[in-house]
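Work through these exercises with the model open. Each task is followed by a stepwise solution.

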Amino acid sequence: MATPTDGSERATTVSGADLVGDAARRRNVPPVAPTVIETPQPEDKKKAPVPVKKEQSFLDCIASWEWIVAPAVFTFLAFFTRFWQIGLSPIVTWDEAHFGKFGSHYLKREFYFDVHPPAGKLLVGLSGLLAGYNGSFEFKSGETYPEEINYTFMRQFNAFWGAMCVPMAYYTAKELNFKLPAVWLVTLMVLCENSYTTISRFILLDSMLLFGTVATTLCWAKFHNLRKKSFEPEWFFWLFLTGLSIGFVCSVKWVGLFVTALVGLYTIEDLWNKFGDTKMPVKVLTAHVAARVACLIILPFAVYLVSFAIHFWVLTNSGPGDAQMPSLFQANLRGTEVGRDSPLELALGSRVTIKNMGYGGGLLHSHVQTYPEGSNQQQVTCYHHKDANNDWFFFPNRREQAYDENSDEIRYIGDGSTVRLIHAQTGRNLHSHEIPAPMTKSDKEVSCYGNLTVGDEKDHWKIEVVKDTNSRDRSKIRTLTTAFRLKHEVLGCYLRAGTVNLPQWGFKQIETTCTKTNNPRDTYTHWNVESHTNPKLPPAEPGQFKNQFFQDFIHLNVAMMTSNNALVPDPDKQDDLASQWWQWPILHVGLRMCSWDDKTVKYFLLGNPLVYWGSTVGLGVFGLLVVWYTLRWQRGYKELGQDGIDQIHYAGVYPVIGWFLHYLPFIVMGRVTYVHHYYPALYFAILSFGFLADWFLRARSKRTQAIAYGILYAMVIGLYIFFMPISWGMVGPNQQYKYMKWFDNWRISD
């Protein structure tokens, strides 16, 4: 009868887990020369022949220098594939229209707003500066680049970040203790991934995001392998680089928070294990915690903070993104009209724009369009762009003497004043009533109704001063500095502009309501006067009010988050470029990056089928592998030593966790999604596939490994070359490339 031990030995052979030899390899034990047992031989008068030393073959010589030759070759191929004919298409392609334009704003030092952190766009601006570009081009989608713009250099600058992912993938696979053939497989899969090649060849942020993700993973793997050399200079160096990489990737896109979470989970596990080591002195444990707090929390946050400090330092001129920021911030921009020559104190008859002080708040706005339901009266919203529909007049309430513009009398407005707000363009009163708001049903609808003579007491709003950054006197409302609330006199509710956007009938502008909740700390009920004119009051320079960096930093980040959450699919429009999360791992769709006209050089975002399908299947196989060993362990088979368990744990489980962390958020979030959102997750799926190849083949014969890896290498490279036109550019009629259209959803040809 077979014992469990016999069964475990057979299972070991099947699984490929070489317990003895593999453990020895992982322990990095110096090779020991085999012991030669000499047997006595009869003496011979003839001398024994002297053994001839075998000369190293060329291949053996190459193999001994693999650690230099292989990454050098891979790096050369990475730069070649990313740079070759990168300037072939002379038109603004896909999201170059956005990020190229943001680079232009940096060169012109004009303040703009975007949902992504600034580091990547600062680098785009730097590429334009190095290329001699002056920021004058508008980067309209599909337009031809003028001759004075060296767009080829700007693309090459971006391609650099994508190319560097290849050698870093090589070293990451080595740090995960993969055998050499698996290291090459992982590197080839990153090198020969068509979507990585294509996305790196344009003025976009994705190559920088991938660079930061791969760099963070490499630094984490290297730091993990130094866990037995705690507090040595090399240990500190790689811990520092891990934090630096985290700071960089999070400063490019918030997607970087997902790889940050991966490092965070590892750190929690690592510290928990150290906490359980009762032999470790408390001082040493405290030092471990302090080092990680300093390098993995404080350092990344400092890098993130510095990127915004540079952002604010460069963008000192008024620009298209001013309205997203607080009025005091805008007042300090060169060329702004905010606060410029405005009377400092408000009076009846003042013409103003009123800014919501909530994070990402806009300007109180109205237009002639009406609500499609509810009161059917004129819409009132908050709007981030400046136009005449943001202008309002402060007029007396209907119980007071009417305003006479020809009179010299000045009636100032202060805390407790009850006023009417008249929309300058339509002459209607800001109004509210017992009708539910269109989106936030618990609040009341706010509309514009009547005119100077037609109306009622529901046009009355009482001013409640919250604070004034420049004065303790609440008897007068001051431009820029006074924060106040507007309380509806009849309903007792407060004018509020939150984070909810209206549907297309409201032009996606911010819903403005009247809320019954009396929360003085709710900044979305706080307002301030941004611009102000009044012919009865002398204009005055309000002076350079010092805005605080941290307040501006927090305000901008919340505004970015709010705007990002507002990027939801529009049911009224069909977005042919958008895709759904389930389509990505199975390579169900691609993306046309430009016009499909015969005269246009065409690019199609689509991955290498083997890389996608293989890595996706690999995720499922890895799950089965874990279940297999778990069941075997429960039945008493001890077929995995500690080295084998650690290899599965750190080289297998953590990449799978990385894939989940980068993929699952796009399943639950409501924003519009595209195929390139999967690219960071794909990298971790590739690492998982490399782990499986290594795990199942490392104990096999050299012949078996050569055949298996040879087939994988050939398929990865062959399919990459087969689909190369979609990455390097398809010239001429798209019908001549229909051989690559394996499925109808791959819209490579019409």
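**Exercise 1. List the contacts of Phe 178 beyond its neighbours within four places in sequence.**

Solution. Apply the cut-off: contact means heavy atoms within 4.5 Å. Phe 178 then meets Ala 173, Val 183, Val 186, Gln 647, Ala 651, Leu 687, Gly 690, Phe 691, Asp 694 and Arg 698.

Two notes on the source. This is a predicted model: local features need pLDDT of at least 70, side-chain atom pairs count only at pLDDT 80 or more, and totals for chains, interfaces and linings use all residues. Residues are numbered from 1 along each chain as its sequence is written, and side-chain values use heavy atoms, without hydrogens and water.

**Exercise 2. Describe the largest nonpolar core.**

Solution. A nonpolar core joins buried Ala, Val, Leu, Ile, Met, Phe, Trp, Tyr and Cys residues through side-chain atoms within 4.5 Å. Buried means under 20% relative accessible area, exposed over 50%, partly exposed in between (1.4 Å probe, protein chains only). The largest core has 154 residues. Phe 178, Tyr 678 and Phe 691 have the most contacts inside it. Helix α19 (residues 679–697) gives the largest share, 14 residues. Helices are DSSP runs (H or I, at least four residues), numbered from the N terminus. A second, separate core has 33 residues, including Val 352 and Phe 395.

Conventions:
Helix = DSSP H or I, 4+ residues; strand = E, 2+ residues; numbered from the N terminus.
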